Amino acid sequence: MPDPALMSRTMADVAERSQRIVADFLKRQAQDGPVAASGADPMQIGHAFMEMTARLMSNPARLVQAQFGFWQDYLTLWQNTARRIWSGDAVEPVIAEDSKDRRFKDEAWRENEVFDFIRQSYLLSARYFTNVAHAADNLDPKAAQKVDFYTRQFVDALSPSNFLMTNPEVLRKTAETGGENLLRGLQNLLTDLERGKGRLRIRMTDETQFRIGETIAVTPGKVVFQNPLMQLIQYTPATEKVLKRPLLIIPPWINKFYILDLRPKNSFIRWAVQQGHTVFVISWVNPDEQLAAKSFENYMLEGPYAALDAIAQATGEKAVNAIGYCLGGTLLSCTLAHMAARKDTRIKSATFFTTMLDFAEAGELSVFIDEEQLQSLEAKMQKRGYLEGREMATTFNMLRANDLIWSFVVQNYLMGQEPFPFDLLFWNDDSTRMPAAMHSFYLRRMYQQNDLVKPGGITLAGVPLDLTKIKVPAYFLSTREDHIAPWQSTYRGTQILSGPVRFVLAASGHIAGVTNPPSSGKYSHWAGDSLPPAPGEWFEGATEFAGSWWPDWQRWVVAQDKAQVPARQPGNGALPALEEAPGSYVKVMATD
């Protein structure tokens with residue numbers, strides 16, 4: 001049994017904190033009331049499932065077949081479980097989880113007959129629900145994608161690993177601690193509700209172990225330029241000679257730039273400096289309502305264009321190599337098309353990290369981008385002037401719900417454990433806001449209407465953009481398990497640009513596949529010289545190489561221009577140092 005004194009203190013604390021949390025939540029609901037209440041089903045989930053049901057009813061034979069198969073498998077599971085209990089004989093499982101599924105890693109899920117039955121029963125039910133969701137004929141593709149996505153959300157939420165009485169690991173922990181794990185879990189839950197001001201904001205890591213500029217984002221450098229949208233960081237050289245062409249990195253503003261500078265051992269920025277690059281990085285502001293009117297055009301003019309002017313002042317060089325990551329890569333392509341129309345040739349090579357130019361098949365993020373949801377989102381942004389960083393983070397977390405939501409529910413609330421300090425998860429939780437004007441334009445014109453790929457479909461600063469006019473050498477880096485920018489979609493960019501293109505596919509996902517230093521010895525990559533129209537055909541002809549793609553990129557970018565000059569110290573040029581890297585903009589939290 002738990003310590004009575006501990007129980008008493010805990011429950012008193014729970015009562016006090018709960019009152020405060022409810023008060024904060026009601027206050028926030030009152031502030032957001034008209035927006036929050038608009039539309040009974042802004043995500044159109046109910047409509048999609050109603051359409052699926054109607055399609056299923058038009059072909060009842062297929063539904064009956066699915067049900068018959070489900071009950072047949074269930075009967076076999078009952079028989080196997082009974083035989084195990086009465087005779088102790090080993091039996092082949094009726095169904096097994098995916099080898100990458102970590103929810104059932106505890107051996108009790110297989111060794112104990114009851115939990116083995118629970119596990120397989122869940123897996124059979126999950127397969128049945130998924131099969132039914134896929135069985136509807138002639139379902140609108142957008143509705144089918146939404147049904148598939150939310151069916152998986154439902155199935156993941158109902159996993160027996162998420163509940164106290166059906167998780168053997170949690171039950172064992174409860175018996176060992178006399179229930180103190182559940183008391184600690186309750187305290188963790190209240191802490192997370194307090195962090196979210198009445199809405200659950202799950203802690204993924206021990207935030208107290210990280211300080212931006214002290215424990216992460218520590219590559220030395222100086223801020224040498226800033227405007228309302230960004231600070232430009234120039235990093236201190238690590239070699240006596242550097243490449244003549246500076247390197248400009250344009251990160252996404254959906255996240256913070258220090259994903260490329262987490263710790264010295266996995267920092268792409270530090271590694272690039274060590275390879276002899278004069279590295280400049282844009283650190284975007286975390287916008288508030290004062291920047292509500294900032295547009296995609298502003299991000300281009302006050303981002304890459306302003307950075308190019310500043311780099312010329314700081315180094316005397318007009319020619320640069322540029323990298324764009326995700327949305328930063330989309331902005332880089334817009335800038336290059338804009339420059340091509342103006343005969344501006346300052347960017348001599350372009351590298352695109354996990355970047356979509358053609359949004360025709362944008363992956364599961366498309367689930368959140370239809371007219372009803374966009375109108376609901378725009379109403380919220382109109383009221384505040386920006387999109388809350390937490391809303392964006394929740395969307396991304398839902399794409400990997402088992403890893404980024406339910407695993408923490410189990411560990412934090414059922415096991416009662418404190419989150420482990422992990423730099424990547426600290427960055428993931430350090431969310432950013434989106435200016436209303438920019439974000440509405442981006443979602444509508446690119447995701448919803450796919451105008452960027454249409455010559456003249458988008459006009460920025462008075463110039464119609466045509467990506468086919470981009471002729472600079474380009475390097476596309478995509479990742480095989482990317483759930484944000486599927487590699488088959490990013491590959492389409494190789495068929496759009498007119499200059500020489502190299503495409504490399506890294507193992508792992510949107511983040512881990514990119515931030516993969518050579519020293520880690522992890523994750524292979526694929527490369528091939530030919531670029532056929534179909535991504536599957538490219539993959540069949542590509543060669544797999546062990547380890548990181550970073551050295552491949554270094555060989556490619558150096559081949560564009562090998563000229564070297566003496567190392568440049570930040571602040572020694574025409575631009576004085578304003579403050580130490582990583583600057584002040586990156587330290588502004590979305591909750592500040």
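# Getting to know this predicted structure

Q: Are Asp430 and Lys256 buried or exposed?
A: This is a predicted model, where local features need pLDDT of at least 70 and side-chain atom pairs count only at pLDDT 80 or more, while totals for chains, interfaces and linings use all residues. Residues are numbered from 1 along each chain as its sequence is written, and side-chain values use heavy atoms, with hydrogens and water left out. Buried means under 20% relative accessible area, exposed over 50%, and partly exposed in between (1.4 Å probe, protein chains only). By that scale, both Asp430 and Lys256 are buried.

Q: How far apart are the closest N and O atoms of Asp430 and Lys256?
A: These two form a salt bridge, that is, a side-chain nitrogen of Lys or Arg within 4 Å of a carboxyl oxygen of Asp or Glu. Asp430 sits in the loop between α15 (423-429) and β9 (434-435), and Lys256 in the loop between β4 (247-250) and α9 (268-274), so the chain positions that the pair links are 174 residues apart; helices (H or I, at least four residues) and strands (E, at least two) are DSSP runs, numbered from the N terminus. For this pair, the closest N and O atoms are 3.0 Å apart.

Q: How many residues apart in sequence are the parts that Glu391 and Lys380 tie together?
A: Glu391 and Lys380 form a salt bridge, with their closest N and O atoms 3.9 Å apart. Glu391 lies in helix α13 (residues 389-398) and Lys380 in helix α12 (residues 371-384), so the parts they tie together are separated in sequence by 11 residues.

Q: How many salt bridges does the structure hold?
A: Side chains of opposite charge can pair when their charged atoms come close. Here some of them join up: Arg84, Glu97, Arg110, Asp116 and Arg119 are linked in a network of salt bridges. For the structure, the count of salt bridges is 38.

Q: At which residue does α14 bend?
A: Helix α14 (residues 401-414) has 14 residues, yet its end C-alpha atoms are only 17 Å apart, short of the 20 Å that a straight helix would reach; the expected span is 1.5 Å times one less than the number of residues. The bend at a residue is the angle between axes fitted to the seven residues ending there and the seven starting there. In α14 that angle is about 30°, at Ser407.

Q: Which strands stand at the edges of the open sheet?
A: The sheet has 11 strands in the order β15-β14-β13-β12-β7-β6-β4-β5-β2-β1-β17, with mixed pairing; two strands pair if DSSP finds at least two bridges between them. Each edge strand has a single partner, so one side of it is left without a neighbour in the sheet. The edge strands are β15 (543-545) and β17 (579-580).

Q: In β15, which residue is the bridge partner of Trp526?
A: Strand β14 (residues 525-528) and β15 run antiparallel and are joined by 3 bridges. In β15, the partner of Trp526 is Glu544.

Q: How many disulfides does the count come to?
A: A disulfide is a pair of cysteine sulfur atoms within 2.5 Å. Cys326 is buried at a relative accessible area of 15%, and Cys334 is buried at 0%. By the distance rule, the number of disulfides is 0.
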